[in-house]
Amino acid sequence: MADPASLAQQAGELAGDAGALARKLDALAQQLALATQQGAPDGTPFVFQLTVFVLAIFVGYYVVWRVTPALHSPLMSVTNAVSSVIIVGALIAAGPVGISFAKVMGFVAVTLAAVNIFGGFIVTHRMLQMFQRKK
């Protein structure tokens, strides 16, 4: 069995190593942020955002497709939570006075997220009723 003092010393060394790694990671992240800001021309944000959107579609499809049937109820609950976060962002987008494309899309997002949230609660409620004992 190890000596508590040596364990404390090893833990201190590991903490120091972790701190050094964190500082290196922070420096690399700052360098990466500067490189992306300096190297990106003005016309690429749309292409970048479109690429992220398409990749998110593929990742979401394959993640949901591989979920076992036993996990669909918890997955529905999590998607309700995600939709509640989406609705907050959509409300912020749709909130200011005036009409623009972003505000119209924010309103559409609020409507669709609300339907998703309430529909998810209804489905979750009905699925939970299936597991209750009959009276």
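Guide: A residue is called buried under 20% relative accessible area, exposed over 50%, and partly exposed in between, using a 1.4 Å probe and protein chains only. The model is predicted, so local features need pLDDT of at least 70 and side-chain atom pairs count only at pLDDT 80 or more, while totals for chains, interfaces and linings use all residues. Residues are numbered from 1 along each chain as its sequence is written, and side-chain values use heavy atoms, with hydrogens and water left out.

Visitor: Is Tyr 61 buried, partly exposed or exposed?

Guide: Tyr 61 has a relative accessible area of 45%, so this residue is partly exposed. Its place is in helix α2, residues 45-65.

Visitor: How many helices and strands does the chain have?

Guide: Helices (H or I, at least four residues) and strands (E, at least two) are DSSP runs, numbered from the N terminus. Here there are 4 helices and 0 strands, in the order α-α-α-α from the N terminus on.

Visitor: What span does helix α4 reach?

Guide: The expected span of a helix is 1.5 Å times one less than its number of residues. Helix α4 (residues 101-130) has 30 residues and reaches 43 Å from first C-alpha to last, close to the expected 44 Å.

Visitor: Which residues of α4 are buried?

Guide: Residues three or four places apart in an α-helix point the same way, because there are 3.6 residues a turn. In α4 the buried residues are Lys 103, Gly 106, Val 110, Ala 113, Ala 114, Ile 117, Gly 120 and Thr 124. Across the chain, buried residues make up 10% of the 135 residues.

Visitor: Which residues make up the largest nonpolar core?

Guide: A nonpolar core is a set of buried Ala, Val, Leu, Ile, Met, Phe, Trp, Tyr and Cys residues joined through side-chain atoms within 4.5 Å. The largest has 6 residues: Ile 87, Ala 90, Val 110, Ala 113, Ala 114 and Ile 117. Helices α3 (72-94) and α4 each give two or more residues to this core, and α4 gives the most, with 4.

Visitor: What does Val 110 touch?

Guide: Contact means heavy atoms within 4.5 Å. Leaving aside residues up to four places away in sequence, Val 110 touches Ile 87, Ala 90 and Leu 91.

Visitor: Where is Val 82 found?

Guide: Val 82 lies in helix α3. With 45% relative accessibility, Val 82 counts as partly exposed.
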